Amino acid sequence: MQKQMIMGNQAIALGALKAGVKLVAGYPGTPSSEIIEFISKYKDKTKTYVEWSVNEKAAVEVAAGASYAGNRTLVTMKQVGLNVASDPVMCLSYVGVKGGMVIVSADDPGPISSQTEQDTRNFAQYSKIPCLDPSTPQEAYEMIQEAFELSEKYNTPVFVRPTTRVDHAYESMEFPELKEVSSDAEFTKDTQRWVIFPRTSYMNHKRIFERNESTLPKEFSKSRFNIVKNSSESSLSFIAGGISYCYLMEALEILKIPASVLKIGTPYPFPKELALDFLKAHSEVTVFEELDPFLE
């Protein structure tokens with residue numbers, strides 16, 4: 001594989017194609033637009049269906065239908081578009097999915113090209129849907145693939161929340177080999193699963209609570225996306241995630257300040273055990289993040 005300078009949004013697209021995404025739908029909006037534009041260049045080679053939908057809500061519903069049949073699907077939008085998509089997204093949290101379904105909601109701190117600075121991490125917690133928060137294009141490439149695995153393992157949509165400075169950053173990466181995505185997916189009618197009666201919601205709520213309060217926090221505490229960088233030369237300690245982690249590490253390097261840093265790549269569900277171990281080891285911790293004090 002040849003190394004190239006790859007944009008964050010292109011890395012997300014390549015990660016999805018590498019993971020075998022069969023259907024991609026979305027609505028254009030900076031900073032997320034290039035994801036679908038890049039995937040469309042390879043749709044004939046990989047036999048991936050790609051569409052700009054009439055809006056974000058329609059994109060989620062198109063992807064949900066394909067996911068119910070067992071296909072891996074990707075939906076892209078910016079954080080403002082998540083408001084439009086919120087109705088089917090909230091329902092999908094309880095209904096669940098079959099084929100892996102990843103929702104990329106690109107946040108825009110600043111804002112640089114948006115009406116608002118909404119923080120998708122809050123929406124993830126509100127909707128009870130797991131959320132991954134990449135710091136670099138390479139990590140975004142890896143997280144997208146992990147998100148599909150998580151989605152199928154727990155039958156839930158998964159958010160990936162890049163921000164503008166990740167979406168539009170460039171990093172030297174190996175360009176993966178892309179192959180045709182084969183699929184024998186077929187929808188099987190099952191009213192007990194795909195029709196969200198109140199009793200079904202009640203039972204699914206119990207499953208979701210167990211997953212988000214116990215199972216995933218333990219799993220995420222061991223995730224390769226959550227790491228601790230310890231320094232015995234300083235009592236300074238920080239917690240950071242997303243692009244803020246890169247800002248922090250750059251500042252520490254420029255100032256030549258040794259510090260211990262906990263990087264959180266899975267803000268929801270929160271990796272409680274890992275965070276508690278870090279807090280117990282330090283008397284004072286500064287949380288470094290953009291927008292809302294979610295990690296704090």
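## Around N55

In this predicted model, a polar atom of the N55 side chain sits 3.1 Å from the backbone nitrogen of K57. The N55 side chain also reaches the backbone nitrogen of A58, at 2.7 Å. N55 itself lies in the loop between β3 (49-52) and α4 (56-68); helices (H or I, at least four residues) and strands (E, at least two) are DSSP runs, numbered from the N terminus.

Leaving aside neighbours within four places in sequence, N55 is in contact (heavy atoms within 4.5 Å) with Y27 and V84. N55 counts as partly exposed because its relative accessibility is 27%; buried means under 20% relative accessible area, exposed over 50%, and partly exposed in between (1.4 Å probe, protein chains only).

## Helix α7

Let's move on to α7. After α7 comes N155, with a positive phi near 50°.

## Cysteines

C131 counts as buried because its relative accessibility is 0%, while C246, at 24%, counts as partly exposed.

## Notes on the model

Residues are numbered from 1 along each chain as its sequence is written, and side-chain values use heavy atoms, leaving out hydrogens and water. Local features need pLDDT of at least 70 and side-chain atom pairs count only at pLDDT 80 or more, while totals for chains, interfaces and linings use all residues.

Methods:
Polar contact = N/O pair within 3.5 Å; in protein donor to acceptor, adjacent residues only side chain to side chain.
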